[in-house]
Amino acid sequence: MYSVNYHRATSVADAAKLIKSGDAKLLSGGMTLIPAMKTRLAAPSDLVDLSRIKELQGVKVSGKTVTVGAATTHYDVASDEKLKKACPALAQMASLIGDPAVRYRGTIGGSIANNDPAADYPAALLALGATIVTNKRQIAAGKFFTGLFETALKDGEIITAVSFTAPAKAAYEKFRNPASRYAIVGVFVAKGKDGVSVAVTGAGDDGVFRSKEIEAALAKNFAASALDGVKVPAKNLMSDIHASADYRANLIAVMAKRAVAAANA
Amino acid sequence: MSDVSLMVNGKRVSGTAEDRTLLVHFLRENLGLTGTHVGCDTSQCGACVVHVDGKAVKSCSMLAVQASGSNIVTIEGLANGADLHPVQAAFKEHHGLQCGFCTPGMIMTATDMIARHPEGLDEATVRAELEGNICRCTGYHNIVKAILAASKTMAKGAKGKAKQAA
C-alpha cells in the first residue's frame with residue numbers, strides 16, 4: 001500500500017471539509033477500498049473515515065418508510081428486527097453478502113458508492129425504487145447507478161442514507177460464483193404500489209439493470225409460473241470464464257422464478 | 001504517522017504507526033502478538049481474524065489507525081492462564097487442526113459464531129458461517145465437529161452459571 005494520510009471524521013460536515021484535502025477518498029467499512037489500496041489499484045493521498053459518525057448509522061422504520069444510514073453495516077441491516085418485519089427481503093439480502101467478518105465492517109453506503117457490477121445492494125435498491133440521500137441532494141436509484149463502478153455522485157459528495165417504501169412482497173435470489181462467492185446472477189424482485197420491479201446484478205455488461213421482459217410477465221401475474229417460457233435476451237450481458245452471456249440470461253429467469261416463489265411464500 | 005492506542009487482551013497499549021499500517025501488522029510487529037496470522041493478504045482466508053469491539057473481523061483489511069480506541073481480543077487473549085478456552089480445548093480434543101496456520105482465525109471466528117447463536121448451532125449453520133475462513137489441510141470436517149462440541153460445552157457452562165446466579 002502506498003503512503004496515505006488518515007482522518008477520522010466526527011460529523012458529515014467535518015467529512016465534507018476533510019474530503020477536499022488532496023486526492024482524498026471516503027472510507028467506510030473499507031472492505032473493498034483497503035484491499036484495493038493493498039494491491040495498489042487505488043492510491044488516495046488521504047482517507048476520510050466515516051465509520052464512527054453516529055448520524056450515519058442505524059435503521060429507522062416509520063410506517064412503511066424505511067431509512068438506512070449510509071454507515072450501517074451489513075450485519076446491522078441483516079439483524080435489525082424492525083427491518084425484518086418491514087422488508088425481510090433486504091435483511092435477508094444483507095445476510096448473503098461476503099462472509100460474517102466482511103458483514104461486520106462493510107456498509108450499505110460503501111457498497112452502493114463503489115457500485116461493483118456484482119454487488120448485491122444495487123439490485124435491491126433499484127428494485128425497491130429507493131432514494132439515495134446525500135449531503136447535497138436526493139437521487140433516485142434509477143438515476144444513481146450509471147455504469148460499472150460508476151454512480152451519479154459528484155466529487156466530494158457523501159451518501160448519508162438510503163430510503164424506500166416497504167414493498168408488499170419482495171425477495172432476493174443469487175447464484176454465486178463457487179470460488180469468489182460473488183453473484184454470477186442476483187435477482188431482486190419487488191411488488192409494491194407502483195407495480196412489479198425486477199433488478200439484476202452480476203450479469204449486465206454495464207452494471208445493474210431492470211429486466212423489462214420479466215417485469216412485463218410478472219405485472220400480469222405475480223407467480224413463478226408466469227415466467228415459464230420467458231426469454232431474457234443475452235445481448236448486453238457479460239461473458240467471461242465463469243459464465244457465458246447465454247448462460248447468464250437463462251440464470252436470470254431461473255433466479256427470478258425462485259425469487260417470486262420466495263416472495264409469495 | 002499516527003498514534004494508535006488500543007486495549008488488547010485487556011491491556012492498554014499504544015504506539016506510533018504509519019497510517020497505512022494494517023492492524024494485523026501492528027499486532028504482530030509492534031506488539032509481538034504473532035498468533036494472528038497473515039494467510040492470503042487478500043481478505044479471503046480469515047487467518048487474521050481478531051475481535052474488534054466484540055466483532056470477529058479480518059485484521060488484514062483494517063488499518064491500525066482505524067481501530068484506534070477499540071478493544072481488541074486476539075488468540076493470545078482467549079485462554080485463562082493454563083486453562084484453554086472451551087473452543088481451543090474442543091479443537092485439541094477433536095483434532096480440528098493439522099498444520100495449524102488457519103487455526104487462530106478459525107477459533108476467533110468460532111467464538112464469535114457461538115456467541116451469536118445462543119440457541120445452539122447445527123452443522124449447516126457452522127459450515128455457512130465458516131464462509132470467510134479457509135483451511136487447506138483438514139477438509140473442515142473436524143473443525144465443524146470441534147465448533148459444534150464447543151457450542152454445547154459453552155451452553156452447559158452458561159446454564160451452570162445462570163443456576164449459580166439464581
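In this predicted model, contacts in chain A between residues at least 6 apart in sequence include 59% that join residues at least 24 apart.

**Overall form**

- The 265 residues of chain A would, as a compact globule, have a radius of gyration near 18 Å, and because chain A has 18 Å, the value agrees with that expectation.
- Buried residues account for 52% of the 265 residues in chain A.
- The secondary structure of chain A consists of 11 helices and 14 strands.

**Domains**

- Chain A is divided into three parts, namely domain 1 (5-49), domain 2 (57-165) and domain 3 (169-264).
- Between the C-alpha centres of domain 1 of chain A and domain 2 of chain A there is a separation of 19 Å.

**Where domain 1 touches domain 2**

- The contact draws 11 residues from domain 1 of chain A and 14 residues from domain 2 of chain A.
- On the side of domain 1 of chain A that touches domain 2 of chain A, helix 1 (residues 12-18) of chain A gives the most, with 3 residues.
- That side of domain 1 of chain A, sorted by residue class, comprises 6 nonpolar, 4 polar and 1 charged.

Notes. Residues numbered from 1 in each chain as written. Chains lettered and ligands numbered in written order. Predicted model: local features only at pLDDT ≥ 70, side-chain atom pairs only at ≥ 80, totals over all residues. Domains from an automatic or database assignment. Contact = placed C-beta atoms within 7 Å. Helix = DSSP H or I, 4+ residues; strand = E, 2+ residues; numbered from the N terminus. Nonpolar A, V, L, I, M, F, W, Y, C, P; charged D, E, K, R; others polar. Rg over C-alpha atoms; globule rule 2.2 N^0.38 Å. Buried ≥ 20, exposed ≤ 12 C-beta atoms within 10 Å, placed from the backbone.
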